[in-house]
Amino acid sequence: MLGKRPRTPSSSPSDGPSKRQRSDSLDSWDGFSNQRLRVYVVQAKLDEKEIADIYRLVESHATGNSDLHLQLSSSPETADIIITAVHMLKRLERHVPWDVAKQKSIVTPEWLRQSIKLKRPAPCGGFAAIRQLHNDTVEHCPEQDESSEPSQTAHPMASAESVVVFKPTSEKVKNNWRSRYACARAHPLICPNQALAIALNVLGRSRELEGLSVNALAYERAVAVTYPSVITRDNFRQDISKLPGVGSKVRSKIEEFIKNGTIEETETTLESERYRSLSLFNTVYGIGPSAARHLYELGLRSVGDLERYYDVPQGVNASQLDEIESQTFTPNGRPVPLKSFTEGNAKIPPISVKVALALREDLNTPIPRAELEEIHRVIMSELEQVQAGCSSTVVGGHRRGKLESNDMDIVITHSDMHQGTGSIKGMAAKLVERLYKRGELIHAKAYLSGFHSHNPLRTEHWDSLEKALTVFRLPASSTASQSQSSEAGSQTRRLYRRLDLIFAPPEAYWTAVVGWSGSRLFERDLRLWAKVEKGMKFDSSGLTRRHDSKLFVPENEEDVFKILGLEWVDPTLRNANV
Ligand code: ATP
Ligand code: MG
Ligand code: MN
């Protein structure tokens, strides 16, 4: 299916001279500019409003600046893509003949919304409407499907200003779904078994919230299975049930899903008050699973309960923060020590649960890619004033191609900043202080090099890099788009965002980039692989050989993989978690 472009064998004469020809030229990563994609909507099972919405969305993308050019098609035969809410093959056949259906990508309306967000056709595999036609849907997808080769020039997920050229990921990695290590497999953002992964993830989350970390990890591993096609009864028996890491418990859940399309425990978990409250509490920055359980045991259930408990004034919002920056308390009633970021004259308060609660709406609003890139620009231009000539990489979910992130992660280095010179610490503090004085950064918690916050309940691994975990808000008018929107009279309030700044000395830059790109299970297995298979220790702060502590200094990101004896995996294929 690599690089396969959809052909429309039955192009009608009315297509005339504008008959679509996809450009395969390498100087454009999408090859879609000015190419119209014909969309046929199966109206069955959609109500009037939904149909109108879909038509409106398609029509609003008939022209414009976006790379997504859509056109309504009056018949399935002349369409490139078919949108339907029908999931039963038999029912679809009433509207689309079988031989036509086999030649098209048949997707749910969600595909359209995703494509609009992406501003180009989304990969179809994760949106296949008919299970039995999944492979045909992937094969005829107008976008390169999720298993396809990344472009040799610009990365599909790279934004205009951060165009990065990645080496292609080998077929070996793409076919390596049997490997027990997530860092040796390819995990696209959306996989052919996405709905199953989401269902299993709920079970993993509930175990994580209950503090059953071993069981949680078993589900996390199951979620990360990267079987290349839809899991069915047959291939399950043949392949999946023999995968390392898929135990009997998880196996029975997968079998249940194959049979019923759902997992009963997932449904009951999602409905249970306990799961709902614990996961709600856990969305508040600073409330981990054990604190969430404690609060639940005290009888708390809702956000309102949390606000009363933490003494957050009713209806307080981000603009009234001063009122709530007083002392905060742990769930056990003990005062939380204020470990603030202090440098020079500024004493910047760390984010407390109370503040996180007041900022909850802002902090829980997903951050679109464009905003992350804008924050990156602002931070780097401020940093330039503090220390000219820094390099940086936006890491975390953004780097893996996520359309929306929960926070922003940036790894920063400077060629003169070597470990132990103290200058990194100085640079980090100066930047944070500068932003604080400008009022854009309101909270910062420093994790200084050598300072390990070892919390046995945390599953994450803490490296020894200089970090500032902050809350940041873009200045009111930093872009053209902002002024455009004010001209249109729709000035939007800037939201507070979680911003993690990681400062690495140049010798640790590439391990930091790999270590902070994620996803969580990819990182966990990278450390496991290094230890078990290579006798090495990997973390974001460096790569050492265990027996003699020899330090390896990678020259680039690929080098990190090479030193570890791993095949290269493109960042967009490191999405081992959902
Ligand atoms: P999102 O931010 O959208 O939830 P994400 O993958 O960026 O997704 P983060 O929690 O921001 O999630 O973490 C980014 C990556 O950085 C993680 O995958 C993890 O590997 C790494 N990471 C996070 N916290 C730490 C830490 N304290 N020490 C070392 N590495 C960390
Ligand atoms: Mg992140
Ligand atoms: Mn982060």
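I began with R545, which is partly exposed because its relative accessible area is 27% (buried means under 20%, exposed over 50%, partly exposed in between, with a 1.4 Å probe and protein chains only). I was looking at a predicted model, where local features need pLDDT of at least 70, side-chain atom pairs count only at pLDDT 80 or more, and totals for chains, interfaces and linings use all residues. Residues are numbered from 1 along each chain as its sequence is written, chains are lettered from A and ligands numbered from 1 in the order in which they are written, and side-chain values use heavy atoms, with hydrogens and water left out.

**Entry: the partner of R545.** I found that R545 forms a salt bridge with D548, with 2.7 Å between the closest N and O atoms. For a salt bridge I needed a side-chain nitrogen of Lys or Arg within 4 Å of a carboxyl oxygen of Asp or Glu. D548 counts as partly exposed, at 36% relative accessibility.

**Entry: the total.** I looked up how many salt bridges the structure holds, and the number is 32.

**Entry: a pair inside one helix.** R113 and E110 meet through their side chains in a salt bridge of 3.4 Å, N to O. They sit three residues apart in helix α4 (residues 109–118), so about one helical turn separates them. My helices are DSSP runs (H or I, at least four residues), numbered from the N terminus. R113 is partly exposed at 39% relative accessibility, and E110 is partly exposed at 35%.

**Entry: a pair across the chain.** E265 and R207 form a salt bridge at 3.0 Å, N to O. This one links distant parts of the chain: E265 lies in helix α11 (residues 264–271) and R207 in helix α7, 58 residues apart. R207 is buried at 11% relative accessible area, while E265 is partly exposed at 23%.

**Entry: a network.** I also noted that salt bridges link R205, E208, E220 and R520 in a network.

**Entry: α7 and α10.** Which way do these helices cross, left-handed or right-handed? First I noted that the axes of α7 (residues 194–209) and α10 (residues 248–260) come within 11 Å and cross at roughly 135°. The axes are lines fitted to C-alpha atoms over the stretch in contact, and angles run from 0 to 180 degrees between N-to-C directions. The helices are therefore oblique to each other (under 35 degrees is roughly parallel, over 145 roughly antiparallel, 65 to 115 roughly perpendicular, and the rest oblique). The crossing is right-handed, meaning that the near helix is turned clockwise from the far one by less than a right angle. A195, L196, A199, L200 and L203 of α7 make the contact with K253, I254 and F257 of α10 (heavy atoms within 4.5 Å).

Key. Helix = DSSP H or I, 4+ residues; strand = E, 2+ residues; numbered from the N terminus.
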